[in-house]
Amino acid sequence: MVRKRRLKKLFSKIVGESRCWIEEEVCASYSYDAYPEKPVLPDIVVMPTHTEQIGEIIDLCNRLEIPLTVRGSGTNLSGGTVPVKGGCVMLTTALNRILEINKDDMYARVEPGVITQNLANAVEREGLLYPPDPASMKVSTIGGNVAENSGGLRALKYGVTDRYVMQVKFYDAFSNLVKSGGIPVKLVTGFNLKGLMISSEGLLGVISEVMLKLVPPPQARKTMLVFFDDVLDASRVVSEIIINRILPATLEIMDNFTIKTVEKFHHIGLPTDKGALLLIEVDGHPAAVEDEYVQVEKICRKYGGDVHIAKKQEDRDKLWQARRDTLSSLAMLKPTLILEDATVPRSRVPDMIKVIQDVAKKYNLLIGTFGHAGDGNLHPTILTDRRDEEEMKRVSEAIDEIFERTLDLGGTLSGEHGVGIAKKKYMEKEVGRGTLLFYERLKKGLDPKGIFNPGKVI
Amino acid sequence: MSKKLKRIVDELKELESLTLQCMKCGVCQSVCPLYQKDFFEPSVARGKISLIEALYQGRIESVPGVIKYLDYCILCGRCKRFCPSSVNIDEIFVRAKGILREIDELPFYQKALLKSLIESADFLTNFQPVISVGMKLVSKSAGESGLRTVKFPIKKSVAPVSPKSFNAIFGGLNRAESEKMRVIFYPGCAISYIFVEWGEAVVGVLNHFGVSVYVPEKNRCCGIPAATMGEIDMYKKMAKLNHDWFSSIDDAEYVITACPTCGYGLFDLGVRVAGLESSKKHMDIMVFLKEILNVKLNKKTKGRSTLHIPCHYEHEYDKTLIGELSELNGEFEPLENQSCCGFGGTFSLKHSGDSKEVGAAKMDEVKSKGFEKLYSPCPGCVMQLSELALDRGVDVKVEHPVMDFYRLIKEGGA
């Protein structure tokens with residue numbers, strides 16, 4: 001406690017006494033995120049209100065040699081914001097100003113704690129679009145989106161966060177402010193350090209400002225919900241749509257188990273005997289939309305798809321309802337929900353569906369499969385009870401097998417949730433020893449005392 | 001760990017089946033009025049649930065620390081309403097507070113006050129004239145608002161206590177001239193003692209449409225203030241007493257309320273936490289007028305009006321209410337700001353500054369759009385919004401919509 005009081009005194013000088021906490025009930029509130037793993041309490045929590053304070057906080061952590069874990073809204077699904085080695089948790093939640101929305105050069109400049117949805121709304125009011133739409137966007141922060149390279153439902157056509165990052169300003173472990181990127185569309189001066197910060201998961205620096213690219217919104221869109229008898233037929237439709245050079249904005253899949261679960265809790269009138277459904281949305285120029293819609297419909301019908309289209313906005317909301325209710329419905333089935341995001345090349349989606357079916361059977365587990373079929377990012381969702389030790393052991397084995405077979409299919413351990421503590425042990429298998437060594441040397445050079453988010457990724 | 005703490009940990013662990021449903025997604029942050037203000041995890045449901053878990057899993061031991069943040073909650077219920085996993089958050093909070101209060105008891109004076117105000121129906125009735133006069137002595141009139149401002153112990157502008165209670169005037173069966181049906185009207189404390197004219201309007205409107213109304217001879221508190229302060233046994237007792245009275249009346253199918261929080265305390269939380277089974281159907285007065293009586297007005301009120309939907313309103317009827325007000329007032333327009341008014345009963349006393357901060361933005365919208373009337377079918381919300389209007393210099397009349405229904409009816413509007 002004496003040590004903690006001393007910490008409080010030192011950090012108070014930077015952020016003020018009312019913006020740092022050592023009480024155990026506050027520390028316990030920052031001991032977890034959305035990844036179901038054992039919580040670890042930090043020693044102190046600080047909430048800077050100005051980005052200049054970030055450098056001072058880093059400097060203090062370095063001098064004291066205590067870990068620094070940066071946290072936005074704490075929605076991370078791989079344990080990235082859990083302070084596994086204690087130390088200081090720095091909140092970005094009060095660094096939440098939208099600094100500029102520029103319509104001439106189409107960009108927005110924001111502080112790291114801006115909520116993704118708030119940015120999307122502000123941009124929309126200016127008649128523009130910020131496309132990345134992670135499922136947690138109502139609460140997630142831009143800083144977290146960049147550090148984790150968040151995806152979303154529109155990724156197939158619009159890409160994920162990295163496509164929109166024009167500039168990143170960040171503080172390095174020596175408290176220097178580093179700037180990379182800028183407004184010009186072409187800009188090749190210096191190393192691509194903004195690229196280095198994307199997916200860095202808090203290991204290489206602390207982001208203090210982000211400049212994001214904005215785009216004109218699509219003029220038209222068409223939404224359809226298509227039911228199939230067999231989930232494999234649905235996944236073949238996904239591949240064929242892409243082979244035909246069509247890029248829907250959204251191409252989501254739900255298997256029979258997921259359909260049944262959504263219907264059980266929400267009674268929205270889904271046919272529970274169907275093997276799978278696809279939610280497809282094409283957008284762009286009205287003529288192109290119409291043309292693509294006709295082609296997509298034809299492909300769906302070829303595989304026996306039962307096509308429903310949205311004529312009005314309300315119909316669109318209705319069609320989306322099933323997808324929006326998915327995670328919550330699955331969560332209600334059992335106490336613990338483990339959401340995976342193993343991702344394969346999109347041509348291998350049918351194989352991946354088969355893998356998940358096999359694994360569920362082999363380990364006798366409840367696994368719902370839904371997700372962004374169009375970009376190969378499925379979300380096998382394991383429903384279990386973390387109090388049941390025997391079942392948790394099978395869960396762990398099942399996850400190992402899913403990862404192994406994902407890599408065999410040329411896929412990746414994580415499409416959008418990050419490595420954190422969740423996937424650390426599998427990393428060598430995906431990237432190889434040489435790559436991990438490179439990570440380690442990079443980390444050692446940039447953060448010699450290892451204060452930034454220790455215990456994660458490598 | 002002390003023996004007492006050990007027992008509490010064991011009791012808290014019984015809440016595990018409820019807390020386990022929380023998958024820590026954090027969606028509650030986007031709807032919590034306190035989180036939106038503080039950006040601080042202990043303010044929001046996910047944080048509070050984690051604290052309860054941290055206690056029973058032995059990571060922390062500070063019971064007062066956890067109570068501090070469980071108390072820092074308006075109980076607006078948005079977290080529960082928008083929770084993707086449908087976690088019974090209000091039930092977790094109320095039950096956890098009840099358990100933790102065993103170790104961290106309420107200060108004696110708070111407990112004594114709660115007991116006399118809530119458990120004894122006679123107390124308020126007997127002392128009502130005294131309180132009414134007393135309030136006039138210690139407070140100052142706050143101009144046209146009708147509120148009175150007191151400065152001690154905190155500066156607060158409140159609606160004056162009526163010299164005679166609603167029950168004293170209307171207790172018993174109020175017969176309609178050509179009786180079609182009978183209902184029970186449960187007024188709750190605020191209408192019994194402060195907004196007596198609302199009670200009169202409810203009885204008047206119902207009588208007009210051929211509905212006879214039972215009113216309790218003495219008001220018994222719904223128990224919600226006790227529940228929010230962790231006095232669960234007191235809460236259960238009050239909820240049961242009221243339900244027993246409802247059941248004693250055979251020829252009424254519905255219990256009508258004009259305070260959504262009373263409705264919530266008796267029929268929603270009451271059913272889940274107090275384990276009561278209701279023999280009657282519950283309905284808010286505005287919903288009853290539309291859904292059961294299908295009331296149509298042939299006159300409209302004048303001036304621009306808007307609506308604050310109370311947090312504890314049965315939200316499946318939000319659209320019904322909006323529809324009714326559009327028929328009542330030709331220039332009606334709902335508020336864009338759908339957040340809480342910040343009242344939260346005892347919350348507004350214990351966290352006065354935070355309470356006002358939450359509702360401030362709402363009042364600013366009322367001001368900027370120049371509404372002349374702000375409807376809210378809840379006494380708590382009306383008290384809070386009236387005070388906010390006064391504080392922020394907004395010239396708007398705040399009241400329950402049933403008042404205008406009654407006025408129009410008296411003018412021959414239906």
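Trainee: Which residue of strand 2 of chain A does Trp21(A) stand opposite?

Mentor: In this predicted model, Trp21(A) stands opposite Val45(A), which belongs to strand 2 of chain A. As a general idea, the strands of a sheet pair through backbone hydrogen bonds, either parallel or antiparallel. Here strand 1 of chain A is joined to strand 2 (residues 44–46) of chain A by 2 bridges, and the two run antiparallel.

Trainee: In what order do the strands of this open sheet lie, and which are the edge strands?

Mentor: The open sheet has 4 strands in chain A, in the order 1-2-4-3 and with mixed pairing. Its edge strands, each of which pairs on one side only, are strand 1 (20–21) and strand 3 (68–71) of chain A. Strand 3 of chain A pairs with strand 4 (residues 88–91) of chain A in the parallel sense, over 4 bridges, and within strand 4 of chain A the bridge partner of Leu68(A) is Cys88(A).

Trainee: How should I read the two faces of strand 3 of chain A?

Mentor: In a regular strand the side chains alternate between the two faces of the sheet. In strand 3 of chain A both faces are covered, with Leu68(A) and Val70(A) buried on one side and Thr69(A) and Arg71(A) buried on the other.

Trainee: What lies across strand 1 and strand 2 of chain A?

Mentor: Helix 1 (residues 2–15) of chain A lies across them, running at about 10 degrees to strand 2 of chain A.

Trainee: Which residues have the most contacts inside the largest nonpolar core?

Mentor: In soluble globular proteins, nonpolar side chains tend to be buried together. The largest nonpolar core here has 253 residues, and those with the most contacts inside it are Val46(A), Leu212(A) and Val202(B). Leaving aside residues up to four places away in sequence, Val46(A) touches several others, including Phe11(A), Val15(A), Ile57(A) and Cys88(A).

Trainee: How many residues does each chain bring to the contact between chain A and chain B?

Mentor: The size of an interface is often given as the accessible area lost when the parts come together. Counted by residues instead, this contact takes 25 from chain B and 26 from chain A. Helix 4 of chain B gives the most to the side of chain B that touches chain A, with 4 residues, and by class that side has 12 nonpolar, 10 polar and 3 charged residues.

Trainee: At what angle do helix 7 and helix 15 of chain B pack?

Mentor: Helix 7 (residues 89–100) and helix 15 (residues 260–273) of chain B pack at about 65 degrees, with their axes 10 Å apart, and their crossing is right-handed. The residues of this contact divide into 3 nonpolar, no polar and 4 charged.

How values were computed
Residues are numbered from 1 along each chain as its sequence is written. Chains are lettered from A and ligands numbered from 1 in the order in which they are written. This is a predicted model: local features need pLDDT of at least 70, side-chain atom pairs count only at pLDDT 80 or more; totals for chains, interfaces and linings use all residues. Two residues are in contact if their C-beta atoms, placed from the backbone, lie within 7 Å. Ala, Val, Leu, Ile, Met, Phe, Trp, Tyr, Cys and Pro count as nonpolar, Asp, Glu, Lys and Arg as charged, and the others, Gly among them, as polar. A nonpolar core is a set of buried Ala, Val, Leu, Ile, Met, Phe, Trp, Tyr and Cys residues joined through C-beta atoms within 7 Å. A residue is buried if 20 or more other C-beta atoms lie within 10 Å of its own, exposed if 12 or fewer, and partly exposed in between; C-beta atoms are placed from the backbone. Axes are lines fitted to C-alpha atoms, for helices over the stretch in contact, and angles run from 0 to 180 degrees between N-to-C directions. A crossing is left-handed if the near helix is turned anticlockwise from the far one by less than a right angle, and right-handed if clockwise. Two strands pair if DSSP finds at least two bridges between them.
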